[in-house]
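Subject: Structure handover

Hi there,

Here is the structure I promised to pass on. Please have a look at it first, and then read my notes below.

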Amino acid sequence: MKAAFYTGNRTFEIRDVAPNEPGPGEVRVRVAFNGICGTDMHAYHGAMDKRIGHNRIIGHEMSGRISAIGSGVEGRTIGDPVVVRPLEPCGACPACAAGHSHICHNLKFLGLDTDGALQEEWCVPSFAVHALPTDLPLHHAALCEPVAVACHDVRMGRVSPGEDVLVIGAGPIGVLIAMVARAQGANVAISEINPHRLKTVAELDFDALDPSKTDVAAAIMERTGGKGADVVFEVSGTQAGTNLMTDAAATRGRIVMVAIHTRKPEVDLFRFFWRELELIGVRVYEKEDFDHAIALIASGAIDCERMITDVRDLDAVADAFAAIDAGGPAMKSLIRVAV
Ligand SMILES: [Zn+2]
Ligand SMILES: [Zn+2]
């Protein structure tokens, strides 16, 4: 079978290797599609070399069909369409003991800490597998992982129907949060500076605000009769976004920290005091978020066709990463692994 190995410094090698047999408690999945996400780009840039090395098959946003079943696995059938929730918790740390195994202190992320889905046959623990409705197109299903991130973020932000929501940053996760919040009945505005992304956001019929042209906080206050946004999602990872999140939030507003801030930003803590704001940290997803993501994609609430901007074969994986690196209109790039 073919597998794409990340070999350091923005390079991949496609190799022909023997597929692994699933161990006890594992299933093997024939991978159909794999999406490329920001974390994969981070790995490609060498920023995770210490963690992943130079001989790693990455990839974790995938869909496929079960092709082999290990011993002790029940309730799985060969040919079942599935997606994988790529988390392997230790089961023994304080986070696991408290029921928060998705942020286990010793969490293994499949496709970073172990080999991932950019190979034709992928062995994973059966507990990480979610079955799909049989009529769900597998290229749409490859979006389940990022949609599950959005479902988790919206759930943690306790978004309810009729609430005003501001999403700061319209990369794939920002746009998916906007879609999930809208499906929840919220009124959603998005702040974004990149013209390609602003165009996508406007085509999706969201209220698109460009902070290089508009005072976004003032615009939100105006649209909400001086109230502000009930829930703000900070997805930009910038100081400007961090300023906007407090400026645009309503009294007792919830601010959901989605972005991975690599530096400590300045935060307007006075505003937290003054308006009794709440800050909510979010990371990956829980089982129920994956179930919700699958249901939302199956219902058509997520515009998968608009999200998927390009599909390439596994042989062209290096081109896909290079194209994202060059900027441009890509929202979600998929690799066709074995279809
Ligand atoms: Zn991802
Ligand atoms: Zn643990």
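A search of the whole structure turns up eight aromatic pairs (rings of Phe, Tyr and Trp, the last by its six-membered ring, with centres within 6.5 Å; planes under 30 degrees apart are stacked, over 60 edge-to-face, the rest tilted). In one of them, the rings of Tyr6 and Phe12 have centres 6.1 Å apart and planes at 70°, so this pair is edge-to-face. Phe12 also pairs with Tyr44, this time stacked, with 6.0 Å centre to centre and 15° between the planes. Since Phe12 belongs to strand β2 and Tyr44 to helix α1, the pair ties together parts 32 residues apart in sequence. Tyr6 and Phe12 are both buried, and Tyr44 is buried too (under 20% relative accessible area; over 50% is exposed and in between partly exposed, with a 1.4 Å probe and protein chains only). Ring pairs join Tyr6, Phe12, Tyr44 and Phe321 into a cluster.

Before going on, a word on conventions. This is a predicted model, in which local features need pLDDT of at least 70 and side-chain atom pairs pLDDT 80 or more, while totals for chains, interfaces and linings use all residues. Residues are numbered from 1 along each chain as its sequence is written, chains are lettered from A and ligands numbered from 1 in the order written, and side-chain values use heavy atoms, without hydrogens and water.

Phe321 leads us to helix α13 (residues 317–325), where the buried residues are Val317, Ala320 and Phe321. Helices (H or I, at least four residues) and strands (E, at least two) are DSSP runs numbered from the N terminus. Down the axis of α13, the buried residues fall within an arc of 95° (taken from the directions from the helix axis to the C-beta atoms), so they line one face of the helix. They pack against β1, β2, α1, β16 and β17 (contact: heavy atoms within 4.5 Å).

Which residues coordinate the zinc ion (ligand 1)? They are Cys37 (SG), His60 (NE2) and Glu61 (OE), at 2.2 to 2.5 Å. Donors are N, O and S atoms within 2.8 Å of the metal (3.2 Å for Na, K and Ca), and with water not among the atoms, sites may look incomplete. Cys37 lies in the loop between β3 and α1 and Glu61 in strand β4, so that pair ties together parts 24 residues apart in sequence. Cys37 counts as buried at 11% relative accessibility, and Glu61 is buried at 2%.

Best wishes
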